[in-house]
Amino acid sequence: MSHQQQQGQDEVWRVRRRQAGIVAFVVGLVGALAFFAFFPGLPHVIDWGAIVVSLAVGALARWACQSWMTKRRGELTAGR
């Protein structure tokens with residue numbers, strides 16, 4: 001019984017981690033695009049370079065969020 005409960009908790013955690021990664025990616029992507037669109041002194045043009053950089057920023061934000069969540073879970077489960 002305990003093994004099934006642990007598997008259920010692991011699945012719930014994986015779903016939360018994935019959802020948080022998706023949100024982090026979108027926030028990073030939109031934030032970088034907004035930076036290129038509205039930062040003073042830039043040409044205020046969204047070109048392919050800005051799109052590629054925004055995708056990279058979104059991927060970096062996703063990786064950082066998921067790494068933080070995994071590290072945090074390791075710290076929490078080690079304390080049990």
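**Figure 1. Overall dimensions of the protein chain.** The protein chain has a radius of gyration of 18 Å, whereas a compact globule of 80 residues would have one near 12 Å. The model shown is predicted. Taken along the principal axes, the C-alpha atoms of the protein chain fill a box of roughly 60 × 20 × 15 Å.

**Figure 2. Secondary structure and contacts of the protein chain.** The protein chain comprises 2 helices and 0 strands. When contacts between residues at least 6 apart in sequence are considered, 68% of them join residues at least 24 apart.

**Figure 3. Length of helix 1.** Helix 1 covers residues 2–38, and its end C-alpha atoms lie 53 Å apart. This distance agrees with expectation, because 37 residues at 1.5 Å a residue should span 54 Å.

**Figure 4. Buried residues of helix 1.** Gly21, Ala24, Gly28 and Ala32 are the buried residues of helix 1. An α-helix has 3.6 residues a turn, so residues three or four places apart point the same way. The cover over the buried residues of helix 1 includes helix 2 (48–78). In the protein chain as a whole, 11% of the 80 residues count as buried.

**Figure 5. Surface and charged side chains of the protein chain.** The accessible surface of the protein chain amounts to about 6200 Å². Carbon and sulfur atoms account for 67% of this surface. The protein chain carries 9 positive and 4 negative side chains. The centres of these two sets of side chains are 6 Å apart.

Technical notes: Residues are numbered from 1 along each chain as its sequence is written. This is a predicted model: local features need pLDDT of at least 70, side-chain atom pairs count only at pLDDT 80 or more; totals for chains, interfaces and linings use all residues. Side-chain values use heavy atoms; hydrogens and water are left out. Helices (H or I, at least four residues) and strands (E, at least two) are DSSP runs, numbered from the N terminus. The expected span of a helix is 1.5 Å times one less than its number of residues. Buried means under 20% relative accessible area, exposed over 50%, partly exposed in between (1.4 Å probe, protein chains only). Contact means heavy atoms within 4.5 Å. The radius of gyration is taken over C-alpha atoms; the globule rule is 2.2 Å times the number of residues to the power 0.38. Accessible areas come from the Shrake-Rupley method with a 1.4 Å probe; for residues, only the protein chains shown count as cover. Lys and Arg count as positive and Asp and Glu as negative; His and the chain ends are not counted. The place of a charge is taken as NZ of Lys, CZ of Arg, CG of Asp or CD of Glu.
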